[in-house]
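Subject: Structure handover

Hello,

Please find the structure below. Some notes on what was found in it follow.

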Amino acid sequence: MALAKKGSRRIVVDGVAYRWRVSRQHWCCDYEGSTLGYAVEDATAPGTTLVVDTGRPTLRTPDAVPAHVVMPREVAAGIRCARSKGWTPGAGGSPFKLHLSASRAVT
């Protein structure tokens, strides 16, 4: 699963460049009961995609105005957490899924 360049954002974490975007699969068609998530991949050599479920509800309205957003510092923390749990972005394979707690504070 490769990320489209259009609509993705660049972030550098610990000297490595990544691309990320909010994952549409988490809020496409269900306005209630779905959670906010994002996907990340290595910007220079895409391999295994990281798919993060934040555990926070999307709380989207039908007019597509999000009540919560994903901040770059949260993405950086998610990348570091996934790396510590064994995500290797340059390797091929199935997406690496990371589920975070809704109560986890990102500083």
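A residue is called buried when its relative accessible area is under 20%, exposed when it is over 50%, and partly exposed in between (1.4 Å probe, protein chains only). A salt bridge is a side-chain nitrogen of Lys or Arg within 4 Å of a carboxyl oxygen of Asp or Glu. The model is predicted: local features need pLDDT of at least 70 and side-chain atom pairs pLDDT 80 or more, while totals for chains, interfaces and linings use all residues. Residues are numbered from 1 along each chain as its sequence is written, and side-chain values use heavy atoms, without hydrogens and water.

R21 sits in strand β2, residues 16-22 (strands are DSSP runs of E, at least two residues, and helices runs of H or I, at least four, numbered from the N terminus). R21 is buried but forms no salt bridge; E41, the nearest side chain of opposite charge, is 9.7 Å away. Lys and Arg count as positive here, Asp and Glu as negative; His and the chain ends are left out. The R21 side chain does reach the backbone oxygen of K6, at 3.0 Å. Beyond four places in sequence, R21 has contacts (heavy atoms within 4.5 Å) with L3, A4, K6, G7, S8, Y38 and A39.

R10, in strand β1, counts as exposed because its relative accessibility is 62%.

Helix α1 covers residues 72-84. Its buried residues, among them V75 and I79, pack against β1, β2, β3, β4 and β5. Just after α1, G86 has a positive phi of about 110°.

Regards

Note on methods:
A polar contact is a pair of N or O atoms within 3.5 Å; within protein, one must be able to donate a hydrogen and the other to accept it, and residues adjacent in sequence count only if both atoms are side-chain atoms. The expected span of a helix is 1.5 Å times one less than its number of residues.
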